[in-house]
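Here are a few exercises to work through with the model open beside you. Try each task before you read its solution.

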Amino acid sequence: MKAYLSDRMGAALLMAPLLLFLAAAYAWPFFGVVNWSFTLPEPGLGQYGTLLSDPLVQSVFIRTLRIAAIVTIVSVAAAYAITVVWVRGTPAQRVVAEFCILVPFWISVLTRAFGWVALLSNRGLFNTWLQAIGFISEPLTLVRNEFGVIVGMTHFLIPFAVFPLASSMRSLDDRVLLAARGLGSSRMRTFWSVFVPMTRSGIIGSALIVFVFSLGFFVTPAILGGGRSVMVAELIYLRIFQSPDWGLGAAISVVLVLFVGALMALLFRYVRPKQLI
Amino acid sequence: MPTYRPGPVSLILAALVALFLLLPLLAVIPVSLTPTRMLAMPSGELSLRHYRALIEDPRWINSILLSIRIGIVSSAFSTVLALCFSLGVWMFQPRFTAALVGFVLLPMVVPPVVSAITLYFLLTSISGVSSFFGYDTWLGVAMAHAVMTVPFATVLILVSLSQLDRRIDLAARGLGATVWERATRIIMPNIKFGIVTAALLSFVLSWEEIGVTLFITSVNAITLPRLMWMGLRDNIDPAIAALSVILIIITVLVLAARSAVIRLRGVQ
């Protein structure tokens, strides 16, 4: 009995500092933000009413969902293509694929967004080159619009989409694929009717991760959208710092958390957490 | 034994994706060498003036030093908290472990912008009490970064603990070791690689952090990403290109060293 008690004491003493720190520095202020959403500027559900009725807020939500959906489809497809080579390629191909996945993954979001500005802006590499070969006379507008946001977000999220896909492709039994080929199925058919269905859990996991990430994305849309293609996260920033309406910013945050929470619950119904690493 | 390899179509598609992933990283190289003051492709002449600006302009130096200081403090703090917590989970396997770990991982799964407004609320509330430790102070930023990095440190330490053989701890316990001795002399030496990785990852995440930092700083605590952000939003400063090239080169070197180490270990 004494040993049991001291065990519980030990566990409590070791675990308490982090739990108390996060309770004070994360849980408590989060409820403060929830409180803002019900009390600023006046007590009540007014801000949630605004959320439902204000056409600006609604257009931002719809744009966010649309961009997140496009980015999810494109990044998962692109990640799939490179993951196949990373997991199943020859040793040399694997090294190259790993390099191309991990280098961007470890480079900061700002540097990557800046790289796209350098590439796509009016005086950037792409427009300079197209004008030099005489293909266009006026520079194309490729950033500071939705196109730039989608390109930059896709670039940021591909490495994140790779990891769940890679884990589902690694656990796949080679012999099934060889059997399909041995029975006379073409490469295409083996891929579409055997390989892809067997990596379904990876596809679902990776799509949900990318979708959830894109919903709350801030830096890339703010830089590549140039204020013209505002997404939910940037709207929260604007409501806190530029045309202050803290209550509305807080209410949008609460709705975002609830939505993401529902999506995560869905994610864990389909995929075990271990498969995501 | 034959294995199933990707065919030519897969290889071409993967190469296109690889090109897409590397293109923006390569694009910053010519921009960093432009002789003009604005963002443009160099036409003919190349110049290192933007690299010189990084060394000569005190704003860049100051923000780099500040980012290093915040990174070290927040990484030390979050690694120690994560280590204690993980040891408690592993040694005592208390009830509600799953719920407690889930709570600790929240800052990792909640959208960063919501964490940002939450930490903004926290630091502005503290500012009312202390001007030394709150909104727009370096200690406040370090604490906010610790909140954001502690889930990652915890995951890494828990993963390396899960690969540890429980029998060595049971043996130590049977031989009469106290909790402190088990933790410091038996368990920690066996997971030191995980602890160091957790500290390094926390530092890197703090060094790069921008989403939360934007909400909790204004004029005093200008970290490196914060300064880059300011230079990206208004008139784009080509010094950012020079800085980006340096950061990309460091990343490539570190990753190459890491894979060389892994390969050497694999050979042994």
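Predicted model: local features only at pLDDT ≥ 70, side-chain atom pairs only at ≥ 80, totals over all residues.

**Exercise 1. Secondary structure**

From the N terminus on, how do the elements of chain A run?

*Solution.* Residues are numbered from 1 along each chain as its sequence is written, and chains are lettered from A and ligands numbered from 1 in the order in which they are written.

Step 1: go along chain A from its N terminus, and the elements read α-α-α-α-α-α-α-α-α-α-α-α-α. Step 3: turn to chain B, where the count is 12 helices and 0 strands.

**Exercise 2. Overall shape**

Compare the radius of gyration of chain A with that of a compact globule of 277 residues.

*Solution.* Step 1: apply the globule rule, 2.2 Å times the number of residues to the power 0.38, with the radius taken over C-alpha atoms. Step 2: the globule would come out near 19 Å, but chain A has 24 Å. Step 3: look at the box filled by the C-alpha atoms of chain A along the principal axes, roughly 75 × 70 × 30 Å.

**Exercise 3. The nonpolar core**

Find the residues with the most contacts inside the largest nonpolar core.

*Solution.* Step 1: a nonpolar core joins buried Ala, Val, Leu, Ile, Met, Phe, Trp, Tyr and Cys residues through C-beta atoms within 7 Å; buried means that 20 or more other C-beta atoms lie within 10 Å of a residue's own, with C-beta atoms placed from the backbone. Step 2: the largest core has 159 residues, and the answer is Ile82(A), Ala118(A), Ile117(B), Leu119(B) and Val147(B). Step 3: helix α3 (residues 55-88) of chain A gives the largest share of this core, 14 residues. Step 4: zoom in on Ile82(A), whose partners include Ala97(A), Cys100(A), Ala14(B) and Val17(B).

**Exercise 4. Where the chains meet**

Describe the side of chain B that touches chain A.

*Solution.* Step 1: 72 residues of chain B are in contact with 67 residues of chain A (C-beta atoms, placed from the backbone, within 7 Å). Step 2: α1(B) supplies the largest share of that side of chain B, 16 residues. Step 3: by class, this side has 62 nonpolar, 8 polar and 2 charged residues.

Technical notes: Buried ≥ 20, exposed ≤ 12 C-beta atoms within 10 Å, placed from the backbone. Helix = DSSP H or I, 4+ residues; strand = E, 2+ residues; numbered from the N terminus. Contact = placed C-beta atoms within 7 Å. Nonpolar A, V, L, I, M, F, W, Y, C, P; charged D, E, K, R; others polar. Lists of a residue's contacts leave out its neighbours within four places in sequence.
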